[in-house]
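Here are a few notes to read with the model open.

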Amino acid sequence: MRLVLIGDGESPHLLKWARALVDQVELWAASTRGFAPEFSFLIPEDRRLALDTRPDHGGGNLAVIQQLPRLGQWLARVDADWLHPHYLTSHGTLAWAARKGWRLRARIVGSAWGSDILVTPNQGWGYRWLTRQVLQACTLTTSDSEHMAQRMKELGAGEVMTFPFGLEALPKQNVRKQPWLFYANRGLEPIYRPQRVIEAFAAVAAQQPTARLLVANDGSLRDALHDQVRSLGIAERVEFLGRLDAVAQGRHYAQARWFVSLPESDSVSVSVIEAMAHECLPLLSDLPANHELLGEGRHGLILSGPDALTGLPARLAALAGDAHIDAMGAANRAWVAHNALFGPAVKRFVARLNAL
């Protein structure tokens, strides 16, 4: 079965899909940017197309649309069974337009990533119309949460497979947790509300003198966050780490007891799954996908309501003092092992494509 990934070849997420698929299909790939170096070990150069544009995630990507003829002609030569775009309102649009314009026999299986379904269609009728066209053109789609899958069906999707964008393997976990160490690694951008993360930590730090927060990643709010911690008088207890590789990320997950992720919109977050695999207890915003993550047998807190931060120190103190707190972390890891490993999910996905 010949399958073409269509997405951002510099994204670690698309690379992760490539690693999972390469032994199961004849894999090709088209990237709106270039390709991460690791792709050269997975897909031969003559099976890759780099469009070398620099898309703006905020939209208005005329340069990408202008590459459609080049993509369509290349896909016509490839003659794939499946086009597999990732992020439906950009790469899904390219796949839909190429299939229609070049009369490709390939069918489309689209993978939604989160904001392409939960945010973009709400930005105006044009975006909503386009999202509907892409979803209706897909024979099959994938979602990483039941909440997002339901929204996709409301927008016109047919069959939706739902599974977490999970881990490729369970991490080793043999490091003693630091009881009041907090870790956050979502982007320092407005949608992830890192200011809220700082506010939550400040509320706890006022009651727990040994509490520390490590903030990984980078973004447009970095300078504002530095100003915020100084104004709150907690600058010595918050460390900004910048962008980290996977090894450094794992080290911080392993040591932290608490993981903080408070975005205003999200599907099931890989970062939260990684934290749970490292036996962290996550502190999450009040979103449907987060309630899915912290269902029965999993442990952490959903921060909801106007008194979420004022009551947070007492709630955490109660958890921290529980004699079974290590078992809570172990239960989170066990759930990931049984429900959120990526390889088995992708095998089911490929089996479904073969059946179709």
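1. First, the term. On a 1 Å grid over the protein atoms alone, a cavity is a set of points where a 1.4 Å probe fits but cannot get out, and its lining residues have an atom within 4 Å of a point. Points are joined across faces, edges and corners, and a volume is the space filled by probe spheres set on them.

2. Keep in mind that this is a predicted model: local features need pLDDT of at least 70 and side-chain atom pairs pLDDT 80 or more, while totals for chains, interfaces and linings use all residues. Numbering runs from 1 along each chain as its sequence is written, and side-chain values use heavy atoms, with hydrogens and water left out.

3. How many cavities of 30 Å³ or more are there? The count is two.

4. The largest cavity holds about 90 Å³ of space. It is lined by 14 residues, with Ala184, Arg186, Leu188, Pro194 and Val197 closest to its centre. Two or more lining residues come from each of α8 (194–205) and β11 (256–261); helices (H or I, at least four residues) and strands (E, at least two) are DSSP runs, numbered from the N terminus.

5. By class, that lining has ten nonpolar, three polar and one charged residues. Here Ala, Val, Leu, Ile, Met, Phe, Trp, Tyr, Cys and Pro are nonpolar, Asp, Glu, Lys and Arg charged, and the others, Gly among them, polar.

6. The second largest cavity has a volume of about 40 Å³. Its lining includes Phe182, Val197 and Leu312, and the classes come out as eight nonpolar, no polar and no charged. α8 gives the most here, with three residues.

Definitions and conventions: On a 1 Å grid over the protein atoms alone, a cavity is a set of points where a 1.4 Å probe fits but cannot get out, and a pocket is an open set with protein on both sides within 12 Å along at least five of seven lines; lining residues have an atom within 4 Å of a point.
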